[in-house]
Amino acid sequence: MPNYYQPEIETASQEQIRAWQDERLVRQVRHVWDNVPYYRKKMEQKGLTPEDIRGVEDLHKLPFLSKDDLREAYPCGLLAEPLENCVRIQSTSGTTGKRVVAFYTQHDVDLWEDCCARAIVAAGGTKGDVCHVSYGYGLFTGGPGLNGGSHKVGCLTLPMSSGNTDRQIQFMVDLKSTILCCTPSYAAYLAESIHERGLRDQICLKAGIFGAEAWSEDMRRDIQDKLGIRAYDIYGLTETSGPGVAFECGEQTGMHINEDHFIAEIIDPDTGEVLPEGSKGELVFTSITKEAFPLLRYRTRDICVLSRKKCSCGRTHVKMSKPMGRSDDMLIIRGVNVFPSQIETVLLQQGYPANYQLVVDRVNNSDTLEVMVEMTPKMASDSLADITRMEKSLVAEMKAMLGIMAKVKLVAPKTITRSEGKAVRVIDKRKI
Ligand SMILES: [Zn+2]
């Protein structure tokens, strides 16, 4: 059974990592130039040929790719292999516009699953574990990615998908699941449901791998305490193959990026200028080992920081911080920048579950923000007067955090819609 902690790769020296990246980048650029007319045109517009890219030091010369490029090239405009060489597609949900479709050869699927396997091992997974995958399956990358990674580690894999909470918990108890993989909002929901049923003592979970949406350190503590586990972050986008691009180790202070497959840069989101290590800015990824759907300098819109500080786990690959917000998640409400993660922080500090929804609208030329918050079952049994008092207190806390007034409405437990286990956080009626 292969051991997916791959020390020769994961603890390689900086020089070795750089040597791999130099060589693979040159090859990846040549592959794109030869096979993707869309990107070749972008290079030509900058007067570039593949010969201009001799290694990582020339990366900054390449043009960026954005989500708009992916939409424009939909469905096959960025494909770098003939369709008959591809074996799979995955796709974004398309909730924020036209779908993005990513293509994979068998080799691409293998490398993606290797990355997910590394994440499971970093969370303490071994072949003796029971890996309970409650990410959505189908077009969404979460389920298939962790499922494949779990197979590679040799865990017993439960392909649960999301939803049907009773069945989730029953399998967790009966098959003694030890590792839970899902979105953090679904993990919080499952944790609550387990407590309500009084089954906490019958759950054998030791670790969770949670990603695909933003979550705060408060939420991590909340899930860890409720389930008695260690909760690890994982990062990836459909565009970059899916989860596993980066993952957390036992130190829980950022996610190691799989640098043998991706090169990360941090840029100023306004000017596109590459920023020095340690700066906060937009994360940009370049794939260096992909066949079907390589992306050069893809702008993720995620705002974060990279660090090469020595990690106690021994891995040498650069770490990215938890994204501090997305440039496209940021809402501008009455001229003020508002991130959903700020609201989540207030809720968790006040003892609410992290199940909330923001409704933004414009009434009489002025923006309005309403925050719907799910109560715990205990809160829901309080008197109406108590609930009104709780709402007022949240309004004050949010005013202090955001700097603007929000209307708060407490709603019954489990009334906020979840799709693929992913909470729909924002409804911006100004854009409808
Ligand atoms: Zn580490």
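Biologist: What kind of model is it?

Modeller: It is a predicted model.

Biologist: OK. How is the chain divided?

Modeller: Into domain 1, residues 1–327, and domain 2, residues 331–431. Their centres, taken over C-alpha atoms, are 29 Å apart.

Biologist: How many residues are in contact between domain 1 and domain 2?

Modeller: On the domain 1 side, 22 residues, which meet 16 residues of domain 2.

Biologist: Which elements of domain 1 give two or more residues to that side?

Modeller: Helix H8 (184–196) and helix H9 (217–227). H8 provides the largest share, with 6 residues.

Biologist: Switching to the whole chain. What does the secondary structure come to?

Modeller: 12 helices and 22 strands. The radius of gyration is 22 Å, close to the 22 Å that the globule rule gives for 432 residues, so the chain is as compact as a globular protein of that length.

Biologist: What does the C-alpha trace span along its principal axes?

Modeller: About 70 × 55 × 40 Å.

Biologist: How much of the chain counts as buried?

Modeller: 44% of the 432 residues.

Biologist: Last one. Of the contacts with a separation of 6 or more, what share is between residues 24 or more positions apart?

Modeller: Such pairs account for 68% of those contacts in the chain.

Conventions
Residues are numbered from 1 along each chain as its sequence is written. This is a predicted model: local features need pLDDT of at least 70, side-chain atom pairs count only at pLDDT 80 or more; totals for chains, interfaces and linings use all residues. Domain bounds come from an automatic or database domain assignment. Two residues are in contact if their C-beta atoms, placed from the backbone, lie within 7 Å. Helices (H or I, at least four residues) and strands (E, at least two) are DSSP runs, numbered from the N terminus. The radius of gyration is taken over C-alpha atoms; the globule rule is 2.2 Å times the number of residues to the power 0.38. A residue is buried if 20 or more other C-beta atoms lie within 10 Å of its own, exposed if 12 or fewer, and partly exposed in between; C-beta atoms are placed from the backbone.
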